[in-house]
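Dear colleague,

I am handing over the structure below, and my notes on it follow directly after. Please read them alongside the model.

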Amino acid sequence: MSPLVLVILFVVSSLVGYKVISAVPSLLHTPLMSGSNALSGITILGALTATAIARMMDNPVLAQIAGFVAIVLAMVNVVGGFVVTDRMLRMFHR
Amino acid sequence: MNWKEAIVLGLSLADILGFLCVIGTVWGIKMMSSPATAVRGNLLGAVSMAVAIIITLVSENIIGQGLLWAGMAVGTAIGYWSALKVTMLQMPQMVALLNGLGGGSSALVSLLTLLAGGSASVASVTGLNMGMFEQITAVLGLIVGGVTLSGSIVAGAKLHGLMSSRPVVFEGQRTLNNAVLAVTAVLGALSLMMGTGTLFVLAMLTLIGSLVYGVLFAIRVGGADMPITVSLLNSFSGVAASISGFAISNPLLISIGAVVGASGLILTQIMCRAMNRSLGQVLSGATTVLKPAHATDKSTASAPVRSRGAEVSSASTAPTASAGSASPAVPAHIQAARNARKVIVVPGYGMALAQAQSDVKALIDMFDSRGADVKVGVHPVAGRMPGHMNVLLAEVDVAYDKLYEMDDINPEFADADLVVVVGANDVINPAANTAEGTPIYGMPILNVAEAKHIVICNYDTRPGYAGVENPLYQPSSKVTLLLGDAAMTLKKLLADIAAGDGAGAAAGIAPTDGQAVSAAPTATTSTSTVGYVDIVKQARKVIVVPGYGMALAQAQADVKKLMDMLEQNGADVKVGIHPVAGRMPGHMNVLLAEVDVAYDKLYEMDDINPEFADADLALVVGANDVINPAANTAEGTPIYGMPILNVAEAKHVVICNYDTKPGYAGVDNPLYKPSSKVTLLLGDAAVTVKQLMADLSTR
């Protein structure tokens, strides 16, 4: 995809996100933050593809270690974020 | 034909599925608008993420690579384990740390992409040819990710007390920060221009520069500014993911990263508005209004250490319960209840019929708050289905570790000072042990008859389902029958017990667990103790205002009990929450939700402010700057113009604070001047709130 399309995608996503998130009440701001936090672990996709090509690089061992670390960090972010959010949300009751 | 090449409207199947993941993610966030749907919304986000991972593995043809699976397994295990271990109080540092990990991952992805782009061997195999756009975004991703990683670690360390939460401010700091940022940017630019040989070195230097900048960025932020910082880092972590998405041309990363970036930005804006700062000031480093010379950081830096130390020593202020100060007018069962150290509640189907579960919960809480050991004994056939009583009580938030099975609780009745039976009949009928030939003979029962005193809340004294007379229903000095609808009789019982005497009050401040009462800050009441207790007792409309001091003192549970107590007195109790109370957005909400305060009692600043004028009582627990009326009047001070909670408009204000020093902003709070309208209860909030409850129950 061309850079222009990607930039447009970025802008549109930001605006949609802004709109949707504005509707979340402050009551739930902490779970919102930890939940969106988990989403920022979407970088796991980049970590996976980058690690996959790392073995073709000039210094494959070092690059694969870096890729492995990237996957671990992103996955901690994803799983930790979602589980913590779930724990918190389940406490909210009338 | 390869499915990946199936083209619909110019998009591959992977693109379409990826788009659905974005929709699922955004929809999940939309469902977070209401607590009722939020749990499912979060789940939807998680599922979308899982699908996105699968799509990537399949469409890139890398699903068979063991290294990837190993990394994901390790990350999942660590993430899951730490998410279950973390306590609600530690949530700010957990969130900060997770932000940092996401940022760190994005930085590494950008680094690898940059290096792969400059690698001839990769280009020859994959045909990958990175343009300038991808390279620039890779460098940007590296920098933003690096800043997020180190900044979040510093923020987390401050929040966790590993570092002093005082702002680190020194001469020429702004210049240094800008210089580091500039050097980092130049290094990044150079790594774009240089050949393959120096690329690695330059990229690493760029990463190091951004890590240093992240540290410098975060150390100058003090404890009270943490909500802004954590929100901003949250936004950064999204932006970092989005930028690295540009570098690898992955629309999913770009889109979801942007959503997270927007989310963090909104929270940052809300925090800024609430703290009277502009986003520009925050981004340029003016997050901290304090100069180190008069850093009155007592509410942030020193207190956590102090309270942790106190937890260990856990000196109790509980006097030995001085029983026997009863006036003759007090009925025996009320006296027994007030002095009881060990209480067992036995529910039966009558509780369900009378819908008295929440009253049972209130009773349990009341005994808890008086320092008694309260358990619930559940007979296997109590109710109409297996576990019926457990479900009913769980629904009203009785902790399940209070619920005991028959075999476990039966040995304890002999020690119990008091048993309260609510609508149970056959399952406590001692005739089961003695009355041969009756239907219940031989049936195992709960041995309530062994307790020192028994209160039975039953509809009437007729035999239960089995038709066998219950000998406990004979009037005796040991048994008190409260007949009628259990919801009514329990409310009456609660009121009578709370009507209180000296012994009950003394018991009321006994710590119920090891950490509640701290020794170091002895609670002192600065004004005379008499008047305000009556005011609190008679208040019909109460607004509770929590602040970070409540979190430091771990006084949430006490605040909840106090709220319950005031509600039992018939008061209308609300909680007013300032947007920046605590250390992250929504901090107070989470702490109070954890102790089962219903969320419809929690009000945002704009909603609660008009109500203070009508309120009989504003009860401030550990909040300072956010209620400081000087914000309206004291021009030139850091808080001037900051929106505050108008507690000063209430008819009476009770302030539970550690001391009367100014808050984080360093501006004296005029409410701390003694007056007929304001009562100051100084010391550890968990102690002062308990004391207040004890005083209330004596009156």
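In chain B, among the contacts between residues at least 6 apart in sequence, 81% join residues at least 24 apart, where a contact means that two C-beta atoms, placed from the backbone, lie within 7 Å. This is a predicted model, in which local features need pLDDT of at least 70 and side-chain atom pairs count only at pLDDT 80 or more, while totals for chains, interfaces and linings use all residues. Residues are numbered from 1 along each chain as its sequence is written, and chains are lettered from A and ligands numbered from 1 in the order in which they are written.

Chain B has 27 helices and 15 strands, taken as DSSP runs numbered from the N terminus (helices H or I, at least four residues; strands E, at least two). Of its 699 residues, 54% count as buried, that is, with 20 or more other C-beta atoms within 10 Å of their own, C-beta atoms being placed from the backbone.

Within chain B, the axes of helix α4 (residues 91–117) and helix α9 (residues 226–247) come within 9 Å and cross at roughly 25°, the axes being lines fitted to C-alpha atoms over the stretch in contact and the angle running from 0 to 180 degrees between N-to-C directions. α4(B) and α9(B) are therefore roughly parallel to each other, a term used for angles under 35 degrees.

In chain A, 22 of the 30 residues of α4(A) are buried, which leaves this helix mostly covered.

Best regards

Conventions. A residue is buried if 20 or more other C-beta atoms lie within 10 Å of its own, exposed if 12 or fewer, and partly exposed in between; C-beta atoms are placed from the backbone. Angles under 35 degrees count as roughly parallel, over 145 as roughly antiparallel, 65 to 115 as roughly perpendicular and the rest as oblique.
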